[in-house]
Protein chains: 4
Amino acid sequence: MSCFQVRTDLALEAREGISDADGELRGVRVEEYRNEKSEVSITKVIIDTRNGARAMGKPMGTYITLEAPGLNEPDEDYHREVSEELAKQIRTLLPAEKEEKSVLVVGLGNRDVTADALGPEVVDNLFINRHVVLEYGKAAYGKEKMNLISSLVPGVTAMTGMETAEIIKGVVEQTEPDVVLAVDALAARSTKRLNRTIQISDTGIHPGSGVGNHRNAITRESLGVPVIAIGVPTVVDAATIVGDAMESMARQKGEEKTLAYREHPRALSELNNMYVTSKDIDETVKRLSFTISEAINIALQIA
Amino acid sequence: MSCFQVRTDLALEAREGISDADGELRGVRVEEYRNEKSEVSITKVIIDTRNGARAMGKPMGTYITLEAPGLNEPDEDYHREVSEELAKQIRTLLPAEKEEKSVLVVGLGNRDVTADALGPEVVDNLFINRHVVLEYGKAAYGKEKMNLISSLVPGVTAMTGMETAEIIKGVVEQTEPDVVLAVDALAARSTKRLNRTIQISDTGIHPGSGVGNHRNAITRESLGVPVIAIGVPTVVDAATIVGDAMESMARQKGEEKTLAYREHPRALSELNNMYVTSKDIDETVKRLSFTISEAINIALQIA
Amino acid sequence: MSCFQVRTDLALEAREGISDADGELRGVRVEEYRNEKSEVSITKVIIDTRNGARAMGKPMGTYITLEAPGLNEPDEDYHREVSEELAKQIRTLLPAEKEEKSVLVVGLGNRDVTADALGPEVVDNLFINRHVVLEYGKAAYGKEKMNLISSLVPGVTAMTGMETAEIIKGVVEQTEPDVVLAVDALAARSTKRLNRTIQISDTGIHPGSGVGNHRNAITRESLGVPVIAIGVPTVVDAATIVGDAMESMARQKGEEKTLAYREHPRALSELNNMYVTSKDIDETVKRLSFTISEAINIALQIA
Amino acid sequence: MSCFQVRTDLALEAREGISDADGELRGVRVEEYRNEKSEVSITKVIIDTRNGARAMGKPMGTYITLEAPGLNEPDEDYHREVSEELAKQIRTLLPAEKEEKSVLVVGLGNRDVTADALGPEVVDNLFINRHVVLEYGKAAYGKEKMNLISSLVPGVTAMTGMETAEIIKGVVEQTEPDVVLAVDALAARSTKRLNRTIQISDTGIHPGSGVGNHRNAITRESLGVPVIAIGVPTVVDAATIVGDAMESMARQKGEEKTLAYREHPRALSELNNMYVTSKDIDETVKRLSFTISEAINIALQIA
């Protein structure tokens, strides 16, 4: 999971962090709307200047956040609505040049760690057709137009000995997709967004911006094709949670937040390499991965 | 996993908590020794009065804690040494009446949540022989004396709709083992003991003493046979970690610890149903479960 | 998986075997109908005399077979229709005395062997509510009437050291369900029914009638409550397939079938402990288990 | 699993098939020896002419077969001996130019089909160090000389939509290993070699020679680096088993074997897409994969 070196993977939270401090922010536009039908709120954060990127600590690009309160409850119909809303948003980021595209969906993360298994589990439920269409043509599905869909679960560096980016780059060069969809579990800064927020962005996945485990970039620059990143925060960095709690406590007492930190090197260092997650994370990841793969299946269909 | 309602499942930590406050404690004896060869420290906490039990918040009985710094590193030979040391300690708690015993090993916890999969994974690696010996006799193994070994993975209440204790009680009444070994993932109070401490006790598993998920007791009283509990702390309750950090911060400033709490209802409530675990928990649980099943295999062998 | 000692677990196939030989059969009634909408054929074999039971090599009772050609293809809507048809048939076998029942669903078989994982995987997708209703009442679901649903995955004797029937009996005595639903993978005699046939019967699961691995009966007699067995043939016994091929070959040449056997002791003995299954068994079991758990969820709902 | 289109993946069996027919075979040398200590028989089949290759239906190269009767029994010490013998044989095929090599181990097959999970499970137990050595140097392990070890589980075409060979080629071009070790489950022609035979060859994996599912070659020619294939037969093609049984039956009666076939189109066609495997395949694959990963770990160690 990318999440572990950073405070937050969510542009939404990065934005909040800042506005608290210095109100209006140049080079960062925010659009919000709420779909009353699906009870889903969409927030679009567009970073279109270097300043904005620096202030946000995130690369320039579009970050769409979908918040659905019921997302961590087991309501099939509701999840179908979310899948359709999510599909609509994914479509807005897909490259428009070609109607029929070859799409490689990459499931990042570690299948053996429940909170990090989102990517691999999304891939398990995808409709894959590239091999069939290449061998038998679209006729095999009785279609005239189709996107070619393939998928990859590269595994984590600790188990492969390779950078995830190396593996993806190699596969992209061999199979030449038009676009890569990279699905990953993320880290939020606060627990209140855990498991009920989905972020889509056209910036790919950047070293340092919360991708500690796969150090190299998975981006248009590194792969030569556009990369759409889809993620759900499933964990919060443990040091972050304690740090934040202590800060807000310090603030309440009108102290310097930085003070709180100096006082607690040990409390925090002890938390290195630890993360916070919910107790029903297995059920949650199972549901979320199904909702996201449905969304991808819908988004890639050509009616 | 039991861990979730409580501050700590470790008698060792409960003891510390107290001694800090009121030094010597009646009705609680502590014996320590260190095996230089295996670099393993053994701490035996014996609670032999009601007072002691009340003060410790743990039932009367013997709690053996094995601490091995290298336990969360991948050194096979080292783990074999720990297995042998652990086997020796398990033997000291096994009922002595009969040389040949029928033993039911129960793997508690949720196979689908990495940090909670310890019990089920331990059971996967056990040497099971009850069915063979009952049908073909010990001759099938060319032995004259053997313990009869069976195992059960009851699953968690959320998935079975039954109390784990109900399932175990039913199986115990049908198969009449002489002793039950219950293996479970535990909660520690501090992260420094995570994944490197093994606790064995002859008190079974008690409601409230950190067994939130299987509410009823798994004890000699409830099952009618002795229950030896074997556990490793793999998580820390998230609220506990934040609370402790804030307390110690408050203490440093000479404030009432209780004060710190009143100030932070929200920070803590937000953490309900959250736990803290390590990022390499999958590898850790895989190793620990193998080490413990080896220990059980050794302990139950009759040379 | 039960299947391994016998030629077939399907009453349908047993019936065919006989009719070939001696046409009309006393004490065995067969009703057939086809649901044009769902393209599902239902065959009901009712064995209501001892003679019939002897001739069929199956206990007296009702065996409903649902055949759906498209069952091993990935069409969600079609599977929903099959689930509804199957739910209707399950309802006809549920005990009628009480409107609200306590139901224990048991997933038989071995989760680690793809072709035998049907039972455990069905249980994974069930709606379980017993623990919630017992603790918070039906109000927790905003319902006035509900069945109480619990589930158990006992595992296989080789891993537990206990008879599956012992485990189930113990749990039944503790939790006192009104009826047990036992889901298991079956053996067919010919490959043409593999993965596209579902059998439901009110006879439970009988020793010798294809339940080699859990030797004791899982029946009303042994458990004290009605047992409905639900199964899908996922394998064919290897010796059966070769034997049958050789027989039909011998027959074609107008030879004694028995002859064919005497000639091939080795060819067959070499196949002991072997089974035949399809290459896409993982996808098939995944789909079938989902279809069956949906059917059970529907059948146990009180509108 | 590759096995499914062919009669056998084992050079040993191919050799037998021929010698039956025409005794001495030009261009195919066979060396045999038996390690009394480990009770392991080694058979080396060297195909060094085009004629030999044509006759055997296998590419030119060296095929080492290790047969160990006890391989499908749970004896740890015995498996360690087999691992050491196997490691010795693997070393004989490793390229000799460089003492320190970069090795990519590829686990072929489908993790979700028990009989096909050998490759992925072998990779799970490997010692992987490439990422650590590249970042921190061999000093991190206190070694002066080390092989760089990485691993890949490409998945199967039906799930990725890509040829396995495409994925491997891409990763090889990115990470530039000196040699590829490809581990896969194989098909035997007869059940008597199932699960107790390990074949190592320096010919890689060839289209048509039993690699139906990953159609393109995984060979020195296609990847540009030597490819050592390691495999264990875990299945027999169902049509093969029936066909063989019928042939030998026909032979016994002094008939044309071809006759037997003409008589049985249906019996065989019904078996398309079916395979035969053993009932304890889960335990078997678990043990074998551990034995093979140990062997690879030993073979790649530089003392």
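Predicted model: local features only at pLDDT ≥ 70, side-chain atom pairs only at ≥ 80, totals over all residues.
Me: What kind of rotation axis relates chain C and chain B?
Reply: Chain C can be laid on chain B by a rotation of 180 degrees with 0.0 Å of shift along the axis, and the RMSD is then 0.0 Å. The two copies are therefore related as by a two-fold rotation axis.

Me: Which element of chain C gives the most residues to the side that touches chain B?
Reply: The contact joins 25 residues of chain C to 25 residues of chain B, and the rule finds two salt bridges across this interface. On the side of chain C, H5, S5, helix H6 (157-160) and helix H7 (164-175) each supply at least two residues. The element that gives the most, with eight residues, is H7(C).

Me: How far apart are the closest N and O atoms in the salt bridge of Arg130(C)?
Reply: The partner of Arg130(C) lies in the other chain, since a salt bridge here needs a carboxyl oxygen of Asp or Glu within 4 Å of the side-chain nitrogen. That partner is Glu166(B), and the closest N and O atoms are apart by 3.1 Å.

Me: Is Asn147(C) buried or exposed?
Reply: Asn147(C) sits in the loop between helix H5 (130-136) and strand S5 (148-152) of chain C, and its side chain reaches the backbone oxygen of Leu300(C) at 2.6 Å. Its relative accessible area is 6%, and the cut-off for the term is under 20%. Asn147(C) is therefore buried.

Terms used:
Residues numbered from 1 in each chain as written. Chains lettered and ligands numbered in written order. Heavy atoms only, no water. Helix = DSSP H or I, 4+ residues; strand = E, 2+ residues; numbered from the N terminus. Buried < 20%, exposed > 50% of the residue type's maximum accessible area, 1.4 Å probe, protein only. Polar contact = N/O pair within 3.5 Å; in protein donor to acceptor, adjacent residues only side chain to side chain. Least-squares fit on C-alpha atoms with pLDDT ≥ 70 in both. Contact = heavy atoms within 4.5 Å.
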